Amino acid sequence: MQDNVPATGRGMERSQLERELERLHAESWGWALACCARDRELAEEALQSAYLRILTGRARFDGRSSVKTWVFGVIRRTAQDEARFWRVRHSGTEEATEVADPAPGADATVERLDENAALVTALAGLSPRQREVLQLVFYHDLTIEEAAGVMHVSLGSARTHYERGKKALAERLEERR
Amino acid sequence: MTLPEDDRLHTHFESLRDDERTHVPTFRETWDAAAERARTTPHVRAPIPRIPPVLALAAAAGVLLVVGLVLRSVRDRDSARLFADSTIHVPGVAPSITTWTSPTAGLLRTSGSELLAAPPALHASIVDRVVPAPVQPRGNTP
């Protein structure tokens with residue numbers, strides 16, 4: 001997969017970096033949403049702040065991982081750093097699960113959105129680590145090893161979170177049926 | 001090889017991803033906003049430098065050492081001053097035990113103590129010690 005090819009050399013030209021970020025933007029948006037409890041406003045702010053860190057050189061790509069896992073790591077760290085201020089400003093919105101409004105009359109869409117909402121709610125009930133690893137593996141198609149790199153945990157720990165999280169999520173989804 | 005359970009989860013997450021991708025803010029919009037923030041806030045908060053634990057410990061030990069030395073020098077100076085106040089100190093010569101007086105001996109000196117220093121002579125007044133008796137002219141002696 002092209003996303004997982006590590007960029008060579010230390011540091012990148014700004015134009016090259018910009019191109020990479022643009023290519024990954026949709027993926028980054030999904031990850032920012034996951035890091036911000038699916039709150040669009042916070043996700044936009046976090047993604048913007050992550051790009052700001054990259055632009056100003058506070059976050060540097062050192063070529064030790066793929067660009068995708070590096071960018072995801074920056075987004076995750078940024079969201080965590082800003083979460084302290086958000087918690088104060090938006091207390092009680094921990095489980096914001098805003099899902100797009102259904103188009104009128106589209107039963108299939110309504111059903112799909114219900115399922116998505118159920119998935120988001122079930123994910124919210126897991127531990128943060130379990131939620132993160134499942135999002136990275138199933139939503140972003142990363143390997144468990146890459147997910148461990150983004151989460152800054154050992155491979156063994158990521159595997160444990162993955163297995164337990166998967167089991168817990170399946171149970172929660174089953175309960176809602 | 002994937003389990004049926006994994007496939008189900010993949011399907012769930014794909015559906016969520018497709019849904020969320022319909023409302024992605026454009027890259028240009030986000031990137032330009034970040035660039036604008038970088039321009040308007042040129043002094044971005046610098047990351048706090050992390051001090052290695054070894055250096056932190058060494059610095060703490062250094063501070064303790066300096067404080068200890070200062071306290072010790074102050075104590076030495078005070079005791080030297082007390083000793084100097086209580087003895088006649090000749091530089092280079094250690095004071096004899098017989099000339100030594102307690103630094104607090106002055107506190108035992110009370111007013112009138114000289115009157116009781118030695119018993120008065122027979123037929124003499126204790127006042128004579130303080131006020132000498134008037135000398136009488138010889139011719140008037142009976």
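Which side chains meet in a salt bridge at 3.1 Å, N to O? In this predicted model, the partners are E27(A) and R21(B). Between chain B and chain A the count is five salt bridges. Chain A itself is built from eight helices and zero strands.

**Chain A**
- The order of elements along the sequence of chain A is α-α-α-α-α-α-α-α.
- Chain A has 177 residues, and 49% of them count as buried.
- Of the contacts in chain A between residues at least 6 apart in sequence, 69% link residues at least 24 apart.
- Chain A has an accessible surface of about 9100 Å², with 46% of this belonging to carbon and sulfur atoms.

**Nonpolar core**
- The largest nonpolar core comprises 58 residues, and those with the most contacts inside it are L21(A), W70(A), L134(A), L136(A), L169(A) and F13(B).
- Helix α3 of chain A (residues 40-55) gives the most to this core, contributing nine residues.
- Beyond its neighbours within four places in sequence, L21(A) contacts Y51(A), I54(A) and V71(A), together with F27(B) and W31(B).

**Interface of chain B and chain A**
- The contact involves 42 residues from chain A and 29 residues from chain B.
- About 3600 Å² is buried between the two chains, and carbon and sulfur atoms give 63% of this area.
- F13(B), F27(B) and W31(B) supply 21% of the area that chain B buries against chain A, more than any other three residues.
- Polar contacts across the interface join 13 residue pairs, with both residues at pLDDT 80 or more.
- On the side of chain B that touches chain A, α1 (4-20) and α2 (27-40) are the elements that give two or more residues; α1(B) gives the most, with eleven residues.

Terms used: Residues are numbered from 1 along each chain as its sequence is written. Chains are lettered from A and ligands numbered from 1 in the order in which they are written. This is a predicted model: local features need pLDDT of at least 70, side-chain atom pairs count only at pLDDT 80 or more; totals for chains, interfaces and linings use all residues. Side-chain values use heavy atoms; hydrogens and water are left out. Helices (H or I, at least four residues) and strands (E, at least two) are DSSP runs, numbered from the N terminus. Buried means under 20% relative accessible area, exposed over 50%, partly exposed in between (1.4 Å probe, protein chains only). Contact means heavy atoms within 4.5 Å. Accessible areas come from the Shrake-Rupley method with a 1.4 Å probe; for residues, only the protein chains shown count as cover. A nonpolar core is a set of buried Ala, Val, Leu, Ile, Met, Phe, Trp, Tyr and Cys residues joined through side-chain atoms within 4.5 Å. Buried area is the accessible area (1.4 Å probe) that two parts lose on being put together, summed over both. A salt bridge is a side-chain nitrogen of Lys or Arg within 4 Å of a carboxyl oxygen of Asp or Glu. A polar contact is a pair of N or O atoms within 3.5 Å; within protein, one must be able to donate a hydrogen and the other to accept it, and residues adjacent in sequence count only if both atoms are side-chain atoms.
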